[in-house]
Amino acid sequence: MGVVGYAPGVYDMFHIGHLNILRRASEHCDHLIAGVVEDDVVQRIKGRPPVVPHDERMEVLRAIGLVDEVVSDWSSDKFEMWKQLRYDVLFKGDDWKGTEKGLRLEKLLGEVGARVHYFPYTASTSSTDLRRLLEGTL
């Protein structure tokens, strides 16, 4: 199968930042898996549910034609997902780079021969900003 890449995310209110990461990721692997974080995990991490339900977010990713596989991401720990998927490279925005979570993940993946590849974070649009706009707080 060649290089297996994994691009986890909430992918709520799909926007250009999501598209940018998936386009770039698809250029750096032979088989790209997108992991869509489950609603209850999003609620636990962000303190609020996503706007778009999990099944619909998965369907959007299947429909855009940039990924080879879409899976449900049931853990906030991306190393747990590695145990299930055995990917070679995890793709994340560079807002993770140098963080405690990012450094831990780099170490754990390195121990099993996998790595993290960071892409520039698209600062112009974020799901958080879109949510604020919808709520009238932006």
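Let's start just past the end of helix H5, where Gly113 takes a positive phi of about 85°. Keep in mind that this is a predicted model.

Now step back into the helix itself. H5 covers residues 100–111, which makes 12 residues. From its first C-alpha to its last it reaches 17 Å, close to the 16 Å expected at 1.5 Å a residue. Which of its residues are buried? They are Gly102, Leu105, Leu108 and Leu109. Looking down the axis of H5, you'd see these buried residues fall within an arc of 135°, so they line one face of the helix. Their cover includes helix H4 (78–85), along with strands E4 (89–93) and E5 (115–119).

Helix H4 leads us to our next stop, Ser75, which sits in the loop between strand E3 (69–73) and H4. Is Ser75 buried or exposed? Its relative accessibility is 9%, so Ser75 counts as buried. The side chain of Ser75 reaches the backbone nitrogen of Asp77 at 3.0 Å. Setting aside residues up to four places away in sequence, Ser75 also touches Val41, Glu80 and Met81.

One more loop to visit: the one between helix H2 (39–46) and helix H3 (54–63), where you'll find Val52. Beyond its neighbours within four places in sequence, Val52 is in contact with Asp12, Met13, Asp39 and Arg57. Val10 is 42 residues from Val52 in sequence, and their C-alpha atoms are 9.6 Å apart in space.

Notes:
Residues numbered from 1 in each chain as written. Predicted model: local features only at pLDDT ≥ 70, side-chain atom pairs only at ≥ 80, totals over all residues. Heavy atoms only, no water. Helix = DSSP H or I, 4+ residues; strand = E, 2+ residues; numbered from the N terminus. Expected span 1.5 Å × (residues − 1). Buried < 20%, exposed > 50% of the residue type's maximum accessible area, 1.4 Å probe, protein only. Arc of directions from axis to C-beta. Contact = heavy atoms within 4.5 Å. Polar contact = N/O pair within 3.5 Å; in protein donor to acceptor, adjacent residues only side chain to side chain.
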